[in-house]
Each structure stands twice: as structure tokens, then as C-alpha cells.
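Trainee: I would like to go through some labels and ask what stands behind each of them.
Mentor: Go ahead.

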Amino acid sequence: MTDTVENHAAPRHPGRILGGWLLVLICSLCIYDTLLYASLKKETWSQARTSALIAAENLRLKIAVGIRLGKTLERYRGLNTLLRQAAESAQLPLAALDTQGRLIVAQQDFPPDALPKPSFLSETKDVLEWEDEQSLTLFLAVRGRDNALAGHIAVSLQRAPLDAALWQAFQRQLAAQAVFILTGVLVLGWLLGMGRISQPPRTARSIRFHCMAVFLLVLTANGISALLTVSSSYTASLLQDAGRTGALLSHDLQRLVRAGVPLERMGSVDAYLANIEAAHDGAIALAILTPDGRLAAGSPLDDAQLLPEKKIFFLQDVHTLHEENAAHTSGWRLLVSLVRAPWLAYLRAAALDLLTVLAVALIFMMELFHLLTRGVPVLRAAEKVSASPAERTITLMRPLAFFMLFAMDMSISFIPLRMAELMPVGHAQHDMLLGLPISAEMGMTGLGVLLAGVWIHRQGARPSLTAGLAMIGLGYLGSMLAFSPWQFVVARALAGFGYGLALLTAQACTVKAGLLADMFAGVYAGSLCGSALGAMLAEHFGYTQVFLFSTLILLCLLPLPCLFLQKDLPLEEEKPASRIDVRQIAALLTDRRFLAFTLLSLIPSAMLCVGFLNYLLPIYLKDTGAAQSDIGRVYMLNCLLVIYSGPLLTRLVVRAASLTAMVCVAGLVSALGLLALAILPPLTASVLGAVFIGLATGLNIPAQSEYLLRLERAQAIGVSQSMSLLDALQRIGQILGPLAAGTLLTFMSLENAAWMVCFIMSGISLLFLPMGRLPKKPAAEGL
């Protein structure tokens with residue numbers, strides 16, 4: 001099969017390559033555009049909501065004084081004037097409601113359909129949100145004596161103006177994007193020789209280089225354009241809200257001075273301005289400046305910490321009441337500035353999303369190239385009945401494995417977080433039960449692997465692969481629809497069982513052709529892309545929508561086994577080795593080296609890997625306020641290290657003088673990941689932890705396999721049986737890892753648990769050196 005692949009390394013139809021290239025490019029840009037638009041919309045609405053909340057809160061505070069003195073909201077003198085002034089300053093529709101939700105007075109064309117049913121308004125909650133297709137309305141409770149409800153202040157945000165302004169800015173980005181796509185198509189078409197009389201010879205390497213280079217240039221140009229759009233739109237949104245906030249504050253300051261309180265003597269102004277800044281999450285800075293430019297109140301930030309854009313509100317009317325020379329005092333002003341750090345943080349997040357999508361898209365492009373260079377020639381040959389069923393099967397497996405893992409691992413960064421949403425608050429075993437879906441999935445994967453072998457032997461590959469994909473899809477559909485913790489656990493178990501069936505079937509189909517590593521390259525590439533992209537989608541659209549997206553991808557994969565695999569396709573197998581019997585099991589259990597390997601290395605490393613990555617990492621980062629997309633990028637980094645450090649570390653293991661030392665080093669590297677959690681800040685600790693665990697995994701894969709095959713008792717039962725035993729023992733560790741991590745967090749803090757596991761892992765790794773030392777092999781014997 002390797003020769004077949006090489007013979008078809010350069011497809012003869014550049015049009016198909018260009019079409020596939022364009023398809024991946026458009027899909028990549030659509031995904032990024034969706035994330036970009038959702039991010040911009042989220043931030044725009046967040047800033048607008050903050051301004052609306054400040055406007056309603058200011059009005060409520062003004063009214064609350066009279067209400068506590070015994071006035072009613074219905075008979076509040078001057079309510080209409082206060083409401084009009086606040087609505088004009090904030091440029092938002094405001095209304096006052098009675099305790100039953102009936103309208104008392106409204107300003108700025110407050111929409112009648114923004115009022116909810118009376119049953120919606122609560123007696124106990126101070127802030128309520130009512131959202132429909134046209135608007136978002138906030139209701140702030142006004143309380144009188146004895147904290148009794150006296151009514152509500154309502155402020156409405158209309159969707160149409162905000163969405164129209166956002167879409168207008170985004171259309172410019174789409175226009176630029178169309179130009180980039182057209183330019184890329186023309187350039188790549190020319191490089192591939194389309195439209196030229198004499199076409200230059202093309203090799204697979206040159207085609208791959210041209211596709212990747214043009215693809216990278218188009219996405220880079222689009223990314224720069226997108227960042228400019230993000231910058232301008234986000235800045236415009238901040239300036240609009242700064243203007244609303246400044247108008248409200250300048251009006252309030254003038255009202256206070258008219259009441260006889262000079263600006264120089266307002267001792268609480270600093271705290272008042274700081275509260276407003278905190279409501280905007282530090283995105284704006286407020287300062288009151290004297291006529292000569294000195295800071296009278298507010299944030300003492302220098303120009304290096306602020307953006308050039310700002311809003312200035314002159315407090316002229318204030319000083320005519322207290323100074324004879326009004327012209328001298330008209331320089332008092334309220335300065336509303338945009339803070340540079342949050343603005344840069346938002347652009348950084350957008351840039352990281354761009355780089356992540358770029359990395360995912362490049363991997364998609366590589367998989368498409370593999371499909372075109374390997375699959376299309378085989379499919380053409382199949383149409384002429386010159387391709388064997390085995391060739392068609394192998395052609396399917398790598399893209400199938402890629403998209404299967406892509407769909408599955410889109411949710412890897414939030415499985416315990418979704419479980420936490422379904423768990424009742426205050427449950428006694430809360431932390432331990434959060435790991436139950438992961439353990440159930442790992443355990444059922446092992447069971448699926450065991451049953452798949454029997455099924456394939458009796459009925460071939462098509463039924464087991466089809467059933468596996470169907471069960472994974474049902475598991476993800478159940479994960480989306482689950483509304484209780486136990487339903488979620490069952491759904492994850494079903495997905496795990498299906499994965500076990502599908503994975504072993506894919507292995508059985510590719511192992512005879514010597515393309516098992518090629519299939520697993522698709523597995524790791526799909527996992528890498530899915531973990532990163534799924535986290536970004538979850539951040540903007542929620543966990544259930546990601547489960548739905550995964551289900552749709554798996555549903556698209558379901559017909560492939562029926563199309564590409566013959567129902568009675570025989571899978572050629574080696575003569576099966578004799579089954580392991582009780583005597584051999586007893587011999588293994590009494591072997592000191594095997595027990596040391598199992599209890600001091602194999603199971604602990606599997607527990608630590610799954611317990612850290614699948615359970616602890618998402619919970620820890622989420623608790624520290626990290627964005628879901630950042631959690632996904634940490635997973636992506638870990639997967640990259642496992643993939644690209646694997647070959648180097650494998651060569652290191654092969655050349656090592658002591659396999660025992662290599663296994664010990666892997667355990668010590670894992671312990672460093674826990675040490676980082678104990679002593680470093682959250683995000684830095686998580687990144688370093690993922691790096692150390694990734695390196696340890698890349699070292700453990702060859703070191704543990706080679707070590708087990710060097711044991712005399714393992715050699716006696718055969719290579720295949722030994723590797724099956726290795727997989728089964730790892731499954732035990734993967735099941736126990738999340739449960740053990742949850743149990744530790746139930747009884748101690750994360751730092752103490754990290755220190756304890758770090759010492760335990762270091763201790764048992766060092767103990768493995770004398771306990772698992774292998775006898776020296778003869779000089780002529782090779783690995």
C-alpha cells in the first residue's frame with residue numbers, strides 16, 4: 001500500500017486540488033467569522049448593558065431617598081423630570097413601574113412590548129433581565145421602608161440599532177475577505193498550472209508547499225484585516241458607552257453642586273467614580289480635572305496607560321453658582337478615557353483565536369491533501385474495479401479517524417464543567433462526582449475494545465464500525481439533552497463504548513497494511529483540532545451547542561462504513577496466539593518487576609494524565625477566571641507536544657542504556673507538572689503542567705511498551721497479548737484518575753493536593769529504579 005500511495009502522490013487534476021483548497025479555506029473563514037462576530041456582539045452588548053445598568057441604578061438611587069421617607073412611586077413629585085433627564089443623558093428608554101409591573105411613566109419611547117408579565121417581577125431579586133427578539137430590558141427594584149418593594153425602574157436596550165451598527169462594520173471585513181479569497185484562488189491556480197499552455201511538472205511536495213503557502217498568506221491577510229475591524233468596532237463601542245456614562249455623571253455632578261456641595265469638598269467622589277469604573281470592568285477611566293489641569297478626583301493614570309480616544313464633558317454650569325468669575329472656572333471638566341490594558345487584552349484574545357483557527361485550518365488542509373493524494377486515485381480505481389476492498393478500507397480510515405476524534409474532543413475541555421452545571425449545589429461529594437462522566441467514558445471504552453474484537457471476527461468490520469459511530473453520536477446527543485447528572489454520566493458511557501468499538505475496528509483495518517501509525521496520526525490531529533476549536537465555540541455559544549455540532553459531524557460520518565466497507569470484507573489476521581491462562585496470570589502477579597511496573601509506573605502515570613488533563617485542568621482554570629478558549633489552547637499545546645516530541649523521545653528510548661531509568665524519568669517529569677500547580681500562578685502553572693504531562697506522555701508511550709516487552713513473563717504470553725494487557729492496565733488508571741483527583745479535592749486544597757501527589761509520584765518513580773531494574777541484555781541482542 002505504501003507504493004500505491006507514493007505512485008499517486010501528485011494528483012493529475014489541479015482543479016480538484018483547487019476546489020478542495022477553496023472548500024477548506026471557506027470553512028475556516030466561516031468558523032473564524034462566526035467566532036469573531038459572536039465575540040464582537042458579546043462585547044458590544046456587555047458594554048451597552050453596563051451603561052444601561054448604571055443609568056437605571058443612578059435613577060433608582062435618586063428616587064430611593066424619597067421612597068424611604070414614605071413617598072410612593074406613583075405619587076413621586078418630579079419623577080417624570082428625573083426620568084427624562086436620565087433618559088436624555090444615557091440616550092436610552094427608561095420607565096418607572098409599580099409593584100405589579102404596570103407602567104407609571106416612560107421616556108425616550110420606551111417600547112410597550114418590553115414589559116414582561118407581572119409574574120416575572122420578583123419581590124426578592126434586585127436586578128432582573130427580560131430578553132426577547134427585539135430588546136433586552138433590565139428591571140431594578142426600588143425599595144422603601146423595611147426593604148419593602150415599592151416598584152421598578154426599567155431600562156431597555158433595542159437590538160436593531162446595536163446589531164445594525166455591528167453588521168455595518170462587519171460587512172467591510174467580509175468585502176475585504178472576498179478580495180483575499182479571489183486573489184488566493186487566482187494565485188494558487190496559476191501556481192498549479194491552470195490556464196497555462198505548458199504546465200510545469202508537479203510533485204506532491206511542490207503542490208503541498210504551494211497550497212500551504214497561499215493558504216497561510218490568505219488567512220494572515222484576513223487576520224490583519226479582522227483585527228483592524230475588531231479594534232475599530234470595539235473602540236467605537238467603548239466610546240459610545242463612555243459618552244453615555246460621562247453624560248450621566250456630569251449631570252449628577254452638576255446636580256450635587258447646585259445642592260451646595262462644591263467639587264473640592266466631595267470626599268466620596270473618588271469612591272463613586274471607582275464604582276463606575278468597576279462596573280465597566282476597568283475598560284474606562286474617570287477623572288475630574290481642575291481648570292489648570294490638576295486631578296481633583298478619579299483615576300491617576302498617565303497617558304501611557306490610556307488610549308488617545310476620550311470624551312470630555314465641561315462642567316460649566318456648576319461654577320456659575322459658586323464663583324463670581326464664571327469664565328475663570330469654566331475649565332472644570334469630566335474626562336472619560338479608554339484604558340489601554342483591557343483593550344489590548346481583548347485584541348490579544350481575538351489574535352489568539354485567529355492563530356488557533358489558523359493552526360486548525362492548516363491541519364485540515366494537510367488532511368485534505370492526504371485524502372486527495374491517496375483517496376481520489378483509489379476511488380477512481382475502484383470505479384474501474386481495479387482497487388481492492390482493502391485499499392478502499394485503508395483510504396477511509398485516516399480521514400474517518402480524524403473527523404471522529406475532531407467531533408469527540410470538541411468537548412474535552414468542559415466535560416467536568418458541564419457536570420458541575422447539572423450537579424445540585426452543596427452536594428457532599430461534589431468534587432468527586434465531577435470526575436464520574438470521565439471515568440465512565442474511559443471504562444466503557446475499554447469494554448468496547450474487548451467486545452469489538454469478537455464482533456469483527458464474526459461479522460467483519462462494517463457492523464462494528466457503524467455501530468460504534470452510531471453509539472458515539474447517540475452519546476453526544478444524550479450529553480446535549482441531559483438535564484440531570486446521571487443522565488449525563490450514562491450519555492458519556494455510551495459515547496465511550498462506541499469509541500471503543502470504532503477505535504479497535506479502525507486499528508484492525510489498518511494494522512495489516514502497516515498504516516496503523518498513519519491512522520493514529522489522524523486520531524491525534526483530530527484531537528488537537530477538536531479540543532481547540534470546541535473550546536472557542538463553547539466560550540461564545542455554550543456547551544450544549546458544541547455537543548450538537550459534534551453530533552451533526554458524527555451523523556455525517558455514519559454512512560461512510562456502508563459506502564466504503566463491504567459487508568463481508570474479511571480482515572486477514574495472523575494466527576491467533578494461545579489465550580492467556582490462569583497459570584500465566586499467576587506468574588505475572590508474582591513477578592516483582594511486573595508488579596513494580598504496574599503499581600509504580602503504568603497505573604499511576606495513567607491516573608495522573610487523565611486526572612490532570614481531563615478533570616483538574618478545566619475546573620482549575622475555570623475557577624480562576626480563565627476563558628474557555630484559553631483552556632482549549634492548553635489542551636492543544638499538550639497534544640502538540642505528544643505528537644511532535646514522540647519521534648525524538650522514541651529514538652531516545654531505543655538508544656537508552658536503561659529502560660528502567662527512562663520509565664523513572666517519565667514519572668519525575670509528570671511530578672514536575674504537579675509542582676508547577678503548587679507554586680506558580682494559575683495560567684502559568686496550567687501551561688507548564690500541560691507541557692510536562694505532554695512530555696511525560698510522549699516518553700511513557702515508547703518507554704513503557706519497550707519495558708513490558710522486555711519482561712520474560714510478558715514475552716512468554718506473546719507481543720499482542722502483552723500490548724492488550726498494557727492497554728487494559730492503562731484503562732484502570734484512566735478510570736481511577738478523575739475519581740482520585742475529585743476525592744483529594746474533597747478533603748484538601750488544590751495546593752496541598754498538588755504537593756502531596758508530586759511527592760508521591762516522585763517517590764514511587766525513584767522506588768521503581770531498584771524494584772523494576774531489568775537484567776542486562778546480551779551485547780549482541782538488539783532492542
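**Labels and their cut-offs**

Mentor: The charged end of Arg159 sits over the ring of Trp45, 4.9 Å from its centre. The model is predicted, so local features need pLDDT of at least 70 and side-chain atom pairs count only at pLDDT 80 or more, while totals for chains, interfaces and linings use all residues. Residues are numbered from 1 along each chain as its sequence is written, and side-chain values use heavy atoms, with hydrogens and water left out.

Trainee: Why is the charged end of Arg159 said to sit over the ring of Trp45?
Mentor: The term requires NZ of Lys or CZ of Arg within 6 Å of the ring centre and within 35 degrees of the ring normal. The distance for Arg159 and Trp45 is 4.9 Å. Arg492 also has its charged end over a ring, that of Tyr476, 4.5 Å from the centre.

Trainee: What makes Trp21 and Phe215 an edge-to-face pair?
Mentor: Rings of Phe, Tyr and Trp (its six-membered ring) pair if their centres lie within 6.5 Å; planes under 30 degrees apart are stacked, over 60 edge-to-face, and the rest tilted. A search of the whole structure gives 14 aromatic pairs. For Trp21 and Phe215, the centres are 6.3 Å apart and the planes make 80°, so the pair is edge-to-face. Trp21 belongs to helix H2 (residues 14–68) and Phe215 to helix H5 (residues 204–258), 194 residues apart. Helices here are DSSP runs (H or I, at least four residues), numbered from the N terminus, and strands are E runs of at least two.

Trainee: Why does the pair of Phe414 and Phe547 tie together separate parts of the sequence?
Mentor: This pair is edge-to-face, with 5.5 Å centre to centre and 75° between the planes. Phe414 lies in the loop between helix H10 (389–408) and helix H11 (415–422), and Phe547 in helix H17 (residues 543–557), so the pair joins parts 133 residues apart in sequence. Ring pairs also link Phe414, Tyr476, Phe488, Tyr543 and Phe547 into a cluster.

Trainee: Why is Ser464 called buried?
Mentor: Buried means under 20% relative accessible area, exposed over 50%, and partly exposed in between (1.4 Å probe, protein chains only). Ser464 has 0%, so the label applies. Ser464 is in helix H14 (residues 461–481). Leaving aside neighbours within four places in sequence, Ser464 is in contact (heavy atoms within 4.5 Å) with Trp455, Ile456, Leu501 and Thr505.
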